Amino acid sequence: MTILTKFKFIRFVVPILVFMSCALSCERNSQNPSIQKEHSIKIKGSDTMVNLAQAWAEAFMRDHPQSLIAVTGGGSGTGIAALISSTCDIAETSRKMKPKEQEEAKANGINPVEMTVALDGLAVVVNPENPIDRLTIDELSDIFTGKIRNWKDVRGEDLPIVLLSREVNSGTHVYFKEHILRKGDPKRTEEFDDRSLLMPSSQSIADEIAQNPNAIGYYGIGYSSPTQKILAIAQDYNHPYFLPTIENIKNGNYYISRPLLMYSNGEPAGWIKDFIDFILSPEGQKIVEDVDFVPIQ
Amino acid sequence: MKHFKEFLIEKVIWFCGVTSIVIVVLIFIFLLKEGLSLFKHVNLVDFLFGRKWYPISDPPHFGIFPLVLGSLTVTLGATVIAVPLGIASAIYIAEIASPRIKEILKSGIEMIAAIPSVVIGFIGMTTLVPFIKHYLNLPTGLTAFSGALMLAFMAMPTIVSIAEDAITAVPHKYKEAALALGATRWQAIWRVVLRAASSGIVAAIMLGIGRVIGETMAVMMVTGNAAHIPESLFEPVRTMTATIAAEMGETVQHSEHYFALFAIGIVLFIITFIINLIADLSIHRHRE
């Protein structure tokens, strides 16, 4: 009976597909290409910083052909998790380690040392068709916590607001929650509205903004293009509005900017130290500007 | 010598069979061990019926109710679309189509199963999502409905090929007898052939649903992933599978969040197990 044989075949295939779907997620956890070169450094973490770290790595490898630097993304949390489980040498993050992560690191015998390597401005973006061009932090907080649900409440058209956020493994998500939704006050408990769409990458936020006039989202300024409109942000109505230009971020006028960090296990030594020194050199900081971030000096 | 060869081959085959069972059992034990550890920190009722999924907040909320509803909404939507289409196609292929068309349709539909789900998700994201937003005038096209459409498409090959086999397996005598008694062709198909094949068709539907509920990549790309209790099919939802895939990379091993994701895996396992069981029972009824 063909039906029985086919049934048996599919009965095995379906659970296997289910497991493969789950395995896909675990696979992301164990991506550690074992590269056999003399001096290899594995860097993992923030998606915001992948392009930057890649640019540094390429320049450094050009000057030091015997070295090999592998850069992968996944989110700040992913990088920190990898550092704690010793599957990378440097975690690049767009947020500080949480106390809980520090404890977990200690428990695993890891001593994370923090270094600031660049600055980043977070751009709040809408579709160019949206007449809104400026918001205050209070308005942003109300929008992303779901208190304001219609653009007309912030001087816009009568259209529903569609919130775009990053997934929870993103440092940008955590930074935005702590500094905008909770306004930097650790005692507050605001959360993203549960209607927010959690997008897998900054690029997917940029794509959805480009085609959806109702949407609002945020990402590192490096991702912006003419298909999205960047909003000017003010601390409150009594303060002036600023756009996230390099000038405004450097002098601290733009409110939503943050340090980009790297964590190594213990004080950097050997090749890792050489690489960090390169990053902090004028040449390394020039690269920061080339990929649309803000140098630290 | 011949005897020894026979013995050896028998043992090798036995070993292969046992290995696959052992692997399944080990996977299940691992899943249980990691998933159940969550319930040292969170109680079962809060986990299953909690309305908030904020896994990295302090304190974290591990309520998977919106995720379960998300999975069910997408699955139900996909079933409603795929089952009538799939069974109608199966009837056409088995009973009505000419042998040539039958061959083309069969291999065409089975080919759908060969498209990787990430490709289907990508096509959905770039074509279906803007289309749905525009024509249904929704705030966003990333909705449960988009996910249901993509999944219906992915469940079709399973449903069509099994249902078609079940219909073909009905003895010709039944249909001939019905026609001889003066039934029209449609009456013979609807009242006799489909009745006789019903248990095989139920199995086809169940396996199609099993395929849909376990799918990850395509739904993650088109459903918007908002952990909100959906009020209709046209709202963004977050499914259990998408949650595991999106968050597993972030968790530190043996943290509460990590255990919570494995606990979702158990829930998913139980659901697919029940679905397979129904299909299995239905097939055995068919055999009798």
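**Figure 1. How helix 4 of chain B passes helix 6 of chain B in this predicted model.** The crossing of these two helices is left-handed. Helix 4 covers residues 99-112 of chain B and helix 6 covers residues 144-168. Their axes come within 8 Å and cross at roughly 135°. An angle over 145 would have counted as roughly antiparallel, so helix 4 and helix 6 of chain B are classed as oblique to each other.

**Figure 2. Who touches whom where helix 4 and helix 6 of chain B meet.** Helix 4 of chain B brings B:I109, B:E110 and B:I112 to the contact. From helix 6 of chain B come B:F153, B:M156, B:P157, B:V160 and B:S161. Sorted by class, that gives 6 nonpolar residues, 1 polar and 1 charged.

**Figure 3. Stepping back to chain B, with its 12 helices and 2 strands.** Along its principal axes, the C-alpha trace of chain B spans about 75 × 70 × 35 Å. Chain B has 288 residues, and 45% of them are buried. As for contacts between residues at least 6 apart in sequence, 73% of those in chain B join residues at least 24 apart.

**Figure 4. Over to chain A, and a look around A:S141 in helix 5.** Helix 5 of chain A runs over residues 137-144. Is A:S141 buried or exposed? The cut-off for buried is 20 or more other C-beta atoms within 10 Å, and A:S141 has 20 of them, so A:S141 counts as buried. Setting aside neighbours within four places in sequence, A:S141 is in contact with A:I180, A:L181, A:K183 and A:E190. How far from A:S141 is A:N130? The two are 11 residues apart in sequence, and 19 Å separates them in space, C-alpha to C-alpha.

Figure 5. For chain A as a whole, the mean pLDDT is 84, and 87% of the residues in chain A reach 70 or more.

Notes:
Residues numbered from 1 in each chain as written. Chains lettered and ligands numbered in written order. Predicted model: local features only at pLDDT ≥ 70, side-chain atom pairs only at ≥ 80, totals over all residues. Helix = DSSP H or I, 4+ residues; strand = E, 2+ residues; numbered from the N terminus. Buried ≥ 20, exposed ≤ 12 C-beta atoms within 10 Å, placed from the backbone. Contact = placed C-beta atoms within 7 Å. pLDDT = per-residue confidence, 0-100. Axes fitted to C-alpha atoms, helices over the stretch in contact; angles between N-to-C directions. Parallel < 35°, antiparallel > 145°, perpendicular 65-115°, else oblique. Left-handed = near helix turned anticlockwise from the far one by under 90°. Nonpolar A, V, L, I, M, F, W, Y, C, P; charged D, E, K, R; others polar.
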